[in-house]
Amino acid sequence: MLSHIIDVLADPIDGTPLHGADDYSRLVSESGHSYDVARQGYVTLAGGAGLRYAGDDAQMIADRETFLSGGHFAPFVETVSEHVHSAIDAAGLDDDDQPVICEIGAGTGYYLSHTLDSVAGSRGIGIDVSVHAAKHLAKCHPRVGAVVADAWARLPIADSSVDAITVVFAPRNAVEFARILKPSGQVIVLTPEIGHLSELREPLGIIDVEAGKVDRMIEQAAGHLKPVGESDLVEFEMMLDQQSIASQIGMSPSARHIKPEALAERIKALPEHMKVTARARVTRLQRL
Ligand SMILES: C[S@@+](CC[C@H](N)C(=O)[O-])C[C@H]1O[C@@H](n2cnc3c(N)ncnc32)[C@H](O)[C@@H]1O
């Protein structure tokens, strides 16, 4: 619910605080800008130019929901939650603090809802540019507020207000992350590594993860954020059937590059069940 996180939200145009008006059917800023809350419970907080990008479409979000609900990425979600837990412990908050966890490109809220369950009293902001994602986010957890916003624009969040930012296979805006993080806060990023889904790449014609992704991310963040220790590799095997493979590909950018009929043919030619490697790296960053 947006009321849980209203103290952290800010007007995307001028950064002034927001409050709920007319029984939270609108959020209104100190400077008088008004943002309607959709009946599904999310709010779009975009500056004057609006959103330039629609994000994941309804089918991609449905495929993401199907795949993740199969539990195939459980080791990823556990790792992300453990790192958030440890970052919040390291910050030494008081027992009655209600840490704010903000996920950027939060999709269906699978990761954010698990993280909120693992950090007592925490509150979550799920940000995604896709309204289809936001509809899921708004109902993924009682302590989540769902916001449609562009990660590359000024984030609709107050300065120094967030304890942990999570980014799972989604865009990273180091300048904005450094602005919204509390001085003791951390960013926890999960990025795919070479070898992720390797068994599917050739048969399905999907491109591999680029080399040096983490190093490049750290370089791009320099001047705003610095790494906390070394990054951790998370690697495990999944046993996937053809339907799970179809939803895994459907939820990824590869879905946009292959014609649906060609993809369906290639998936049909795979074994009924196959072992597929999942491989990603968790990196933690903090303010300079
Ligand atoms: C690969 S998905 C990851 C979703 C989620 N983190 C997960 O792993 O289940 C990337 C998500 O980022 C969102 N996204 C892409 N570009 C964005 C942007 N500029 N601002 C906010 N969200 C964005 C997409 O709509 C999509 O939901």
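**Entry 1: partners of β12**

I looked up P192 first, and its bridge partner in β12 is A280. This is a predicted model, where local features need pLDDT of at least 70, side-chain atom pairs count only at pLDDT 80 or more, and totals for chains, interfaces and linings use all residues. Residues are numbered from 1 along each chain as its sequence is written, and side-chain values use heavy atoms, with hydrogens and water left out.

I needed two terms before going on. Strands (E, at least two residues) and helices (H or I, at least four) are DSSP runs, numbered from the N terminus. Two strands pair if DSSP finds at least two bridges between them.

How many bridges pair β9 with β12? I found 7, in the antiparallel sense. Next I checked β11 and β12, which run antiparallel and are joined by 10 bridges. V234 has A280 as its bridge partner in β12. So far A280 has turned up as the partner of P192 and of V234. I then looked up β10 (residues 225-227), which is joined to β12 by 3 bridges, again antiparallel. L225 stands opposite R287 in β12.

My reminder on strands: in a regular strand, side chains alternate between the two faces of the sheet.

**Entry 2: the open sheet**

I turned to β1, β2 and β3. These 3 strands form an open sheet in the order β1-β2-β3, with antiparallel pairing. Why is one side of β1 and of β3 left without a neighbour in the sheet? β1 (18-21) and β3 (34-36) stand at the edges, and each has a single partner strand, so one side of each has no neighbour there. Neighbouring strands of this sheet are turned by 25° against each other on average, direction ignored. The axes behind that angle are lines fitted to C-alpha atoms, for helices over the stretch in contact, and angles run from 0 to 180 degrees between N-to-C directions.

I also checked β2 (residues 26-29). 3 bridges join β2 to β3. L27 has Y35 as its bridge partner in β3.

**Entry 3: two loop residues**

I looked at Y24, in the loop between β1 and β2. Y24 has a positive phi of about 60°, although it is not a glycine. Most residues other than glycine have a negative phi. Is Y24 buried or partly exposed? Y24 counts as partly exposed, at 28% relative accessibility. The cut-offs: buried is under 20% relative accessible area, exposed is over 50%, and partly exposed is in between (1.4 Å probe, protein chains only).

H33 sits in the loop between β2 and β3. An unreviewed UniProt entry gives H33 the annotation "binding site". Such annotations may be inferred rather than shown by experiment. H33 is partly exposed, with a relative accessible area of 28%. Leaving aside neighbours within four places in sequence, H33 is in contact (heavy atoms within 4.5 Å) with D11, I13, D14, L27 and V28.

**Entry 4: the largest pocket**

I moved to the largest pocket, which holds about 1200 Å³ of space. A pocket here is an open set of points on a 1 Å grid over the protein atoms alone, where a 1.4 Å probe fits, with protein on both sides within 12 Å along at least five of seven lines; lining residues have an atom within 4 Å of a point. The volume is the space filled by probe spheres set on the points, which are joined across faces, edges and corners.

The lining has 50 residues, and R64, F169, A170, S252 and P253 lie nearest the centre. Which element gives the most to the lining? α1 does, with 4 residues. Among those that supply at least two residues are β5 (100-104), α3 (110-118) and α8 (242-250).

I checked F169 separately. F169 is in the loop between β8 and α5 (174-180). Its phi is positive, about 50°, although F169 is not a glycine. F169 is partly exposed, with a relative accessible area of 32%.

**Entry 5: buried places**

In α8, the buried residues are S244, I245, S247, Q248, I249 and G250. They pack against α1, α6 (198-204), β11 (232-241), α9 (260-268) and β12 (273-287).

Last, I looked up T166, in strand β8 (residues 162-168). T166 counts as buried, at 0% relative accessibility. Its contacts, leaving aside neighbours within four places in sequence, are V80, V84, I101, C102, E103, I104 and I188.
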